[in-house]
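Here is a short briefing for a reader who is meeting this structure for the first time. Please look over the sequence and the model, and then go through the points below with both in view.

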Amino acid sequence: MFVYNAWYMGAWADEIKPQGLLGRVLLDLPVVFYRGEDGKAFALEDRCCHRALPLSHGCVIGDQLQCGYHGLVYDNKGACVKVPGQDRVPAQAKVRSYPVVEQDAMLWIWMGDPALADASLIVRHPWHSDPDWTWVKDRYSIKANYQLITDNLMDLTHVGYVHQRTIGGTPQAHSDADTKTTRSETGVKVTRWMMDSVPPPSYVAAFKFNTPTVDRWMEIDFFPPAAVRIHTGAKDTGTGAREGNRMGGLAFMGLNMQTPETEKTTHYFWSGARTYSVDEPDVRAKLLTSLPVTFAEDKVVVEAQQESIDREGGAPLVMIASDAGLVHARRLVATLLEEEARAREVAGIKPVIPIRPVHDAMQKQEHAS
Amino acid sequence: MFVYNAWYMGAWADEIKPQGLLGRVLLDLPVVFYRGEDGKAFALEDRCCHRALPLSHGCVIGDQLQCGYHGLVYDNKGACVKVPGQDRVPAQAKVRSYPVVEQDAMLWIWMGDPALADASLIVRHPWHSDPDWTWVKDRYSIKANYQLITDNLMDLTHVGYVHQRTIGGTPQAHSDADTKTTRSETGVKVTRWMMDSVPPPSYVAAFKFNTPTVDRWMEIDFFPPAAVRIHTGAKDTGTGAREGNRMGGLAFMGLNMQTPETEKTTHYFWSGARTYSVDEPDVRAKLLTSLPVTFAEDKVVVEAQQESIDREGGAPLVMIASDAGLVHARRLVATLLEEEARAREVAGIKPVIPIRPVHDAMQKQEHAS
Amino acid sequence: MFVYNAWYMGAWADEIKPQGLLGRVLLDLPVVFYRGEDGKAFALEDRCCHRALPLSHGCVIGDQLQCGYHGLVYDNKGACVKVPGQDRVPAQAKVRSYPVVEQDAMLWIWMGDPALADASLIVRHPWHSDPDWTWVKDRYSIKANYQLITDNLMDLTHVGYVHQRTIGGTPQAHSDADTKTTRSETGVKVTRWMMDSVPPPSYVAAFKFNTPTVDRWMEIDFFPPAAVRIHTGAKDTGTGAREGNRMGGLAFMGLNMQTPETEKTTHYFWSGARTYSVDEPDVRAKLLTSLPVTFAEDKVVVEAQQESIDREGGAPLVMIASDAGLVHARRLVATLLEEEARAREVAGIKPVIPIRPVHDAMQKQEHAS
């Protein structure tokens with residue numbers, strides 16, 4: 001079960017080249033992204049209505065997409081506009097099209113009812129285009145349900161254990177942080193403060209503090225159904241960071257988008273922006289080497305969880321205090337799922353993909369040309 | 001669902017060496033082919049009736065097959081004739097045997113009721129032994145239902161798109177061909193003529209035409225349930241090719257046999273015979289290098305279709321004009337399936353393989369020695 | 001279905017280093033073995049009760065195990081004794097613990113009702129610590145149900161066929177052996193005698209006999225549910241071996257423990273002890289090279305059987321005389337399964353692992369901190 005009426009990150013903007021295309025499964029549905037002649041990005045159902053070949057096996061022609069099997073051509077709304085060898089295009093020859101918004105270097109897609117696709121609902125990430133910041137990014141394929149990744153991010157006490165060989169530091173320091181979990185207007189916010197604390201070695205290496213101790217913060221923002229922004233940083237002790245003045249310190253802005261591929265696999269997009277060494281390619285190169293090691297540690301954990309869940313089904317789990325963030329996040333997603341199910345029921349709408357016997361459909365297709 | 005009362009190509013004749021054996025799954029049933037002492041080929045159920053080990057793990061002894069686990073020996077009718085360590089052979093100790101016919105360098109097998117196995121029903125392919133022709137061949141494992149391969153072959157307009165980097169040529173030329181689809185006595189025939197047309201580069205390279213344009217033909221014959229013969233060629237324009245005089249031109253004779261392994265995997269046997277450069281080993285070597293590239297293009301397509309179908313079940317498909325051949329082919333197979341199901345019902349015959357709980361059967365087997 | 005109230009070999013003792021741990025799936029349940037500070041071995045459910053991460057991703061601290069995700073600590077009874085970041089440990093925070101006995105260089109585990117775990121029921125193997133004997137050992141992962149391995153061992157007539165290229169010898173000699181199958185006090189015993197027979201080359205190479213022929217024996221003992229001991233050897237003809245005097249001959253003592261991992265995969269532990277060349281490292285090295293080849297031959301067979309069974313379900317099998325041993329062994333296991341099912345029913349005990357919808361449980365977990 002997925003929330004369909006929501007914006008998901010579908011790709012990094014630069015994954016789709018000019019006149020290029022990319023096939024990707026999102027929310028168990030095949031999608032093909034492509035860029036038309038003016039560079040605008042579109043997303044269609046990645047399955048030709050003729051013989052079901054993914055359209056991503058075809059090619060872009062102007063603003064249109066041509067199937068790579070028998071040459072049917074679709075416009076950017078998904079309507080078939082040409083069938084080679086015949087004059088008439090069958091009325092039912094079309095594929096689904098999905099609203100796409102390119103913003104902050106990302107392509108966002110709306111998999112549900114297009115009428116509800118309000119672009120203002122998309123989580124913004126201005127740090128991708130702020131000249132005071134610089135950033136690195138990637139995408140990983142994770143063999144786990146997307147919510148296990150959200151869980152991971154909403155409870156950062158895991159850092160001391162999972163990442164003890166990389167960014168970990170002292171577990172105790174993370175457990176002792178002054179933590180507050182609140183419902184924000186759009187989601188859930190977990191705020192953690194480590195006031196007057198010894199900065200970790202990685203901070204000291206990256207930035208010159210003027211005081212031996214610092215005031216450190218971690219702000220975790222969950223935007224349902226599948227995005228988590230993590231703002232971390234530190235400033236000289238007693239210079240007002242907690243009161244709101246974060247200028248003049250060290251800051252990271254992490255964005256994590258765990259877009260479901262299937263119920264058990266996830267496209268994990270992430271970016272890390274920073275305010276220090278903005279123009280130093282060496283720092284960038286080092287981050288692109290070290291960050292994947294840390295993400296790999298999380299990948300091992302969530303994939304092992306998924307295997308464990310697959311084996312033991314719904315055996316009971318016990319909650320602890322640090323779960324507050326993820327519990328609120330899961331409740332938000334559960335509420336969205338329920339609302340969507342209810343709305344579908346009221347409107348008498350069937351699930352997105354009707355399932356019928358396969359070869360039967362191949363056999364019984366109507367001659368429509 | 002498969003048509004069982006039909007001849008399928010089970011192997012190339014030279015795949016089974018003298019006194020050799022070969023295990024292969026056909027129509028979801030395990031089969032072992034072997035050659036007896038005079039070279040005759042046999043086919044038995046590839047599963048010892050004692051402890052279910054495939055007999056293809058054993059060895060050929062004269063005209064008999066010995067299991068590689070505890071040495072039970074079967075004759076070429078599938079009757080167990082020896083059980084080491086005891087004098088009596090249990091009456092029920094036997095495996096199924098399948099009628100096999102070796103013809104035109106192929107081994108044909110009948111998986112259904114042996115009483116109906118009429119060898120005269122086997123599609124002939126004399127080009128495999130005609131001295132004016134020479135041929136190359138192979139077998140591919142395809143991860144797709146066999147009918148997707150039939151579909152592919154029955155609509156050659158795909159050549160301009162799928163094979164644009166190999167044998168494609170101009171898509172338009174293929175779409176504009178004068179095409180006729182008819183039911184033949186034994187199946188479906190699609191005939192395509194490109195009269196007075198510029199010959200493709202590969203034709204010009206292979207053969208010296210006397211006229212700048214040629215009359216080209218493609219004759220596609222479907223023999224249900226799973227064979228397609230494709231006769232293609234060209235002759236000097238206006239020299240009577242369409243009226244029936246094909247002598248003196250360039251001709252290819254392709255045979256495609258897509259024998260089901262399972263519902264989702266297929267043994268794709270093919271051969272390509274030609275009338276030109278019959279005695280030139282260089283041409284042969286070049287074909288053996290280039291043809292697999294073209295077949296690999298089809299493999300990519302049908303396997304992507306299968307994945308698409310697996311994901312979206314029986315979502316509707318739209319038919320176009322060029323589907324005529326494959327629609328007729330699928331209808332023929334559907335009719336055979338229905339007839340077979342009805343005949344089984346009338347006769348009160350159960351499906352080929354009864355399914356019972358596994359370990360139960362291992363436990364409850366009767367002591368029969 | 002597995003017999004839970006029984007001792008299974010879970011690991012070789014030396015697989016768990018001091019303060020080390022090992023995750024392993026046994027009987028479809030995740031288990032983590034670890035050694036505490038005094039070297040004692042423990043076994044817990046390999047799944048943290050908090051977020052289901054296998055505890056084998058964590059580390060040993062003294063006699064306790066710490067989860068590698070958020071640092072929960074468990075004592076060796078499976079009780080959670082520490083939750084970082086909070087004072088109180090939720091009462092329901094615990095995992096299953098399993099009785100473990102270290103004996104004869106093996107770790108034995110009881111997966112069923114701990115109250116019934118009587119260590120005196122464990123099959124002993126004193127040859128692992130007898131100075132007159134020396135031994136080699138290993139563990140293989142087999143893709144087959146464990147009972148197919150038991151079957152293999154209970155009918156040694158397979159040696160002449162499966163192992164003809166290694167330890168086989170003449171199939172006829174094995175079939176002609178004087179074989180007797182009896183129920184022993186604890187299981188099934190198959191005894192085979194080859195009196196006054198020519199010793200196989202491997203025997204002659206390993207030992208100096210004083211007579212040209214020898215009296216050979218094979219004693220196969222099945223200890224349900226999943227252990228088979230095979231005592232083989234030979235002595236000078238007529239020196240009383242069959243009457244009980246086995247001293248002064250050549251003897252091997254093989255132990256085979258086929259512990260189920262899942263219904264279709266098995267941990268196959270084996271050891272081979274011998275009385276000859278006890279102090280010769282060359283003989284040991286040679287055995288460690290040659291034995292895996294022989295075991296690999298068995299692996300091929302049982303895995304092919306499993307595939308065959310998976311394909312054809314419970315198609316009938318035919319029994320032969322040499323099956324007597326395995327039939328008795330399977331009956332014993334079937335009886336244990338039935339008794340256990342009945343006892344559970346009488347006591348109103350539910351199956352070991354309750355299955356509930358996965359994400360549901362992740363969602364509905366109670367806040368207990």
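**Two domains of chain A**

In this predicted model, the C-alpha centres of domain 1 of chain A and domain 2 of chain A lie 34 Å apart. The contact draws eight residues from domain 1 of chain A and nine residues from domain 2 of chain A. The domain assignment places domain 1 of chain A at residues 7-119 and domain 2 of chain A at residues 130-335.

**The side of domain 1 that touches domain 2 in chain A**

- Strand E1 (7-12) and strand E2 (21-26) of chain A each provide at least two residues of the side of domain 1 of chain A that touches domain 2 of chain A.
- E1(A) gives the largest share of this side of domain 1 of chain A, namely four residues.
- Sorted by class, the side of domain 1 of chain A that touches domain 2 of chain A consists of six nonpolar residues, one polar residue and one charged residue.

**Chain A as a whole**

- Chain A contains seven helices and 18 strands, and its C-alpha atoms fill a box of roughly 80 × 50 × 35 Å when this is taken along the principal axes.
- Of the 369 residues in chain A, 45% are buried.
- Among the contacts in chain A with a separation of 6 or more, 57% are accounted for by residues 24 or more positions apart.

**An open sheet in chain B**

- In chain B, four strands form an open sheet in the order E2-E3-E4-E9, and the pairing is antiparallel.
- Strand E2 (21-26) and strand E9 (97-98) of chain B stand at the edges of this sheet and have a single partner strand each, so one side of each is left without a neighbour in the sheet.
- The partner of E9(B) is strand E4 (residues 41-45) of chain B, and these two strands pair in the antiparallel sense over two bridges.
- Within this pairing, Ala43(B) has Tyr98(B) in E9(B) as its bridge partner.

**The largest nonpolar core**

- In soluble globular proteins, nonpolar side chains tend to be buried together.
- The largest nonpolar core here has 256 residues, and the members that touch the most other members are Phe33(A), Ile109(A), Phe33(B), Ile109(B), Phe33(C) and Ile109(C).
- If its neighbours within four places in sequence are left aside, Phe33(B) is in contact with Gly10(B), Ala11(B), Ile16(B), Leu21(B), Leu22(B), Arg24(B), Ala41(B), Ala43(B) and Leu107(B).

Methods
Residues are numbered from 1 along each chain as its sequence is written. Chains are lettered from A and ligands numbered from 1 in the order in which they are written. This is a predicted model: local features need pLDDT of at least 70, side-chain atom pairs count only at pLDDT 80 or more; totals for chains, interfaces and linings use all residues. A nonpolar core is a set of buried Ala, Val, Leu, Ile, Met, Phe, Trp, Tyr and Cys residues joined through C-beta atoms within 7 Å. A residue is buried if 20 or more other C-beta atoms lie within 10 Å of its own, exposed if 12 or fewer, and partly exposed in between; C-beta atoms are placed from the backbone. Two residues are in contact if their C-beta atoms, placed from the backbone, lie within 7 Å. Domain bounds come from an automatic or database domain assignment. Ala, Val, Leu, Ile, Met, Phe, Trp, Tyr, Cys and Pro count as nonpolar, Asp, Glu, Lys and Arg as charged, and the others, Gly among them, as polar. Two strands pair if DSSP finds at least two bridges between them.
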